[in-house]
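User: Could you walk me through a strand and a pair of helices here, with the terms explained as we go?

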There are 2 protein chains.
Amino acid sequence: MTAPSFFPRPHRRRLAPRIGTAALLILAAALAAAGRYPHQTASPIAIRYLEAAEALRTSGLRTELAYKLLARLTAAGPRLTGSSGAAAAVELTRAMMSELGFETWLEPIMVQHWVRGAESAAVVRPAGAGLSSLRITALGNSVPTPDAGLSAPVVEIRSFDDLQARGAALKGKIVFFNVPMDPRPMDTFQGYGTAVPYRSRGASEAAREGAIAVLVRSVTLRTDDSPHAGMVAYDPALPRIPAAAVSTRDADSLSALLAQGTPVEVKLILGCRELGPTPSANVVGQIRGVEKPDEIVLVGGHLDSWDLGTGAHDDGAGCVQAIEALRLIRDLDPKPRRTVRAVMFMNEEFGASGGRDYAADLRRAGERHIAALESDRGAFLPVGFGLGGTAEQFARIRRWAELLLAPSGILWVRPGGGGADVGPLAASGTVLMAFVPDSQKYFDVHHSGLDVLTSVHPRELELGAIVMAIMAYVTAQEGI
Amino acid sequence: MTAPSFFPRPHRRRLAPRIGTAALLILAAALAAAGRYPHQTASPIAIRYLEAAEALRTSGLRTELAYKLLARLTAAGPRLTGSSGAAAAVELTRAMMSELGFETWLEPIMVQHWVRGAESAAVVRPAGAGLSSLRITALGNSVPTPDAGLSAPVVEIRSFDDLQARGAALKGKIVFFNVPMDPRPMDTFQGYGTAVPYRSRGASEAAREGAIAVLVRSVTLRTDDSPHAGMVAYDPALPRIPAAAVSTRDADSLSALLAQGTPVEVKLILGCRELGPTPSANVVGQIRGVEKPDEIVLVGGHLDSWDLGTGAHDDGAGCVQAIEALRLIRDLDPKPRRTVRAVMFMNEEFGASGGRDYAADLRRAGERHIAALESDRGAFLPVGFGLGGTAEQFARIRRWAELLLAPSGILWVRPGGGGADVGPLAASGTVLMAFVPDSQKYFDVHHSGLDVLTSVHPRELELGAIVMAIMAYVTAQEGI
């Protein structure tokens, strides 16, 4: 069908060859009068940069460069912390930024290097149960089973209360945490938040009761065959037992089998190993500011990924969006007042050491990071923007940000910025920011073999880069 | 990664077993005080229905029934107007609604029945050009070529001005309209709007200059191998010449070949035929209102689709969202004050006669449609809501709609409701409404073989149904 457009004039105007400043002033006044942007009534910054924001968006949607960069990055394979894939991605993203003419360097760090080995799980009792090959994957950081595997009766657990109630009955058993994500919250991170403790803490909680291994239902809202990885965190005071995620479909099948009441025994083999500290690096690229080069606006994501897919959303997207944000800014204005820097942080998934090491690096001594913007929630449609800083900084930035970001799909700016990688910068007064895309589909692919390029849409990915470019550019010009 | 939630309390509250009315009142006051919903400061309706809106959303996201209905509908194949597939879909959607306990009936109408035949296109000169099988598809309503096809030199045209400038040089030629969608507008319907006249009017404009057929670049932002169909409208004063869409990738290849400067001749075969008027029907289901049964709130989409995919987005989505909206309302309140009706309109794609016939049907004599809400922009993430009516009605409805829809992702309510199917009801004073999902991906699949179930996401589809249910239910209870 063909329908009328519901978007107001700023969008329609995009087809015009050039937008007059007078028209924009009238538009801003009209929008303010209509009450659509209640916080914008007196923001000269917003009016000053309407045209720049429009140019950044137009340039991005026309070229879709972020997607081309992501295709190149994901074609090089997964980037598990410490792996050769991660090392290759360090060189590759540095090369991408050098090719674009940015100043680049590496900041060496040491990282953990855990590797997945052979892994399998099978129902061995009752015979003929049809679950001879459960789709599982070791959780990151898991200890291995003995080489020959381990076999034990399985007990299904629905909550930590449930676990404690079983107590001694779990001794020598494999605990099967079968706690689905809650589908009801619109923000799927809420459903994730309630389910994920079973993945991260379940092994130690089960070990406390004498269990010898755990299987954890994958944390996704979809019923499918892909196990979703993630970290297991061991309590140092308790035995470390092997931990694996099982696909939601197989979790349902296993649960149905257990519901029949006959004892179910599973044989689990996990060949994963920790190889010890390995050299790696954070990757940095920048456009030096001409007026205040030591004041820095950082945009970034993390370069490491899980090994099951190619980390297209998590967080290849954040990396290429950061690079593309710099490219968009450079094409608009090759001489920003302050330095705009893209950082690909290493090792977010195995403890976020890259972000900590970046903040603590001696190179930071002569620098002042005024703002740090993280993209690590997937490459989906932009919906919001999180903003830290003092109440005053928040209010000041929101006044221009809401109006400038709205035409790119951002319709709210709320308190709460940053993320695991830029978080450590907050201690030195950096205003943290976070790009927030829609979350409906994120956990479909998150930490699984489904997190590949085909799950990313070029325009959605690019809109994130555009939003980041607008925020970074205006901040670089106007300060905090 | 795991990140904090940026969503305000109404979302977080969803995890609580039940929300107290007092808490909602406090919340609404807080939101109003914060200026987040400037139009809501004095809407008792919004406060009265916060809990109902929450219940509708929770029920929808938990069950995802819309997707199950769409899986059933698309499994039955494409639904081109007049086809046996369309006839089967009439019975199927009526059965779905009967199974859900709604009152159902069919409203017979007559429709056009155009059928696609064998179709092919090949570059026959220069020999060895490598384009021996262009990916094309006849535009709907196109006349056929002679059985043996037609061959002629191809002339590439970039605009209607360009067409007129060539004038007599086009006599006997195949005109190749190669006008890409403009990728720059955030609202892709704008890029569609500027490209689609070449598809709808190009054949007659070319015939005016003596051309014997047209090839039209598919109207999509992606470079791929899927031709996208759509209607061709013939000027009755001009010769009717065959018209076909060509995939964007092949359009690029053909353009590159023409750019080499040697004459290019294409052989085109289109075996499509018009079979004449065929009986069909609009499908109606309803929950009768207990206080004012003759006052009707209509929700609907169109049941016919193009024949290349299975019309999952266009507009199977609108149909199942309408059915699911009634189901959600029924589960919340089986006795709404006014009648809530779902209509699956037939024949939107070949002239929107279903909508006109529905409005003109004698059954309408004793009825008063107070509002009619159309979903026909795909099943993507809800972003906005279009609203018609008088200025007073618009203002009154927006005051409650903005607050009630925001937690389901709708962050703007703007003037402009309806669509091709509910439009004819406006003449009798019906307030038209339109559900507006995000448009970034719609034209990727629109009218092509890519418009199939796998391109629809269960949560995004369901959120549309939820938004429709909230609007329809509150309107049924409170009137306009």
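Analyst: Strand E7 (residues 213-217) of chain A is mostly covered, since 5 of its 5 residues are buried (20 or more other C-beta atoms, placed from the backbone, within 10 Å of a residue's own; strands are DSSP runs of at least two residues, helices H or I runs of at least four, numbered from the N terminus). This is a predicted model, in which local features need pLDDT of at least 70 and side-chain atom pairs count only at pLDDT 80 or more, while totals for chains, interfaces and linings use all residues. Residues are numbered from 1 along each chain as its sequence is written, and chains are lettered from A and ligands numbered from 1 in the order in which they are written.

User: Which residues point which way from E7(A)?

Analyst: Ala213(A), Leu215(A) and Arg217(A) point one way, Val214(A) and Val216(A) the other.

User: What does E7(A) pair with?

Analyst: E7(A) runs parallel to strand E6 (residues 174-177) of chain A, joined by 4 bridges, and parallel to strand E8 (residues 243-246) of chain A, also through 4 bridges; pairing needs at least two DSSP bridges. Ala213(A) is the bridge partner of Ile174(A), and Leu215(A) stands opposite Ala244(A) in E8(A).

User: And at what angle do helices H10 and H14 of chain A pack?

Analyst: Helix H10 (residues 312-332) and helix H14 (residues 458-478) of chain A pack at about 55 degrees, with axes 8 Å apart (lines fitted to C-alpha atoms over the stretch in contact, with angles from 0 to 180 degrees between N-to-C directions). H10(A) is therefore oblique to H14(A), as angles under 35 degrees count as roughly parallel, over 145 as roughly antiparallel, 65 to 115 as roughly perpendicular and the rest as oblique.

Definitions and conventions:
Buried ≥ 20, exposed ≤ 12 C-beta atoms within 10 Å, placed from the backbone.
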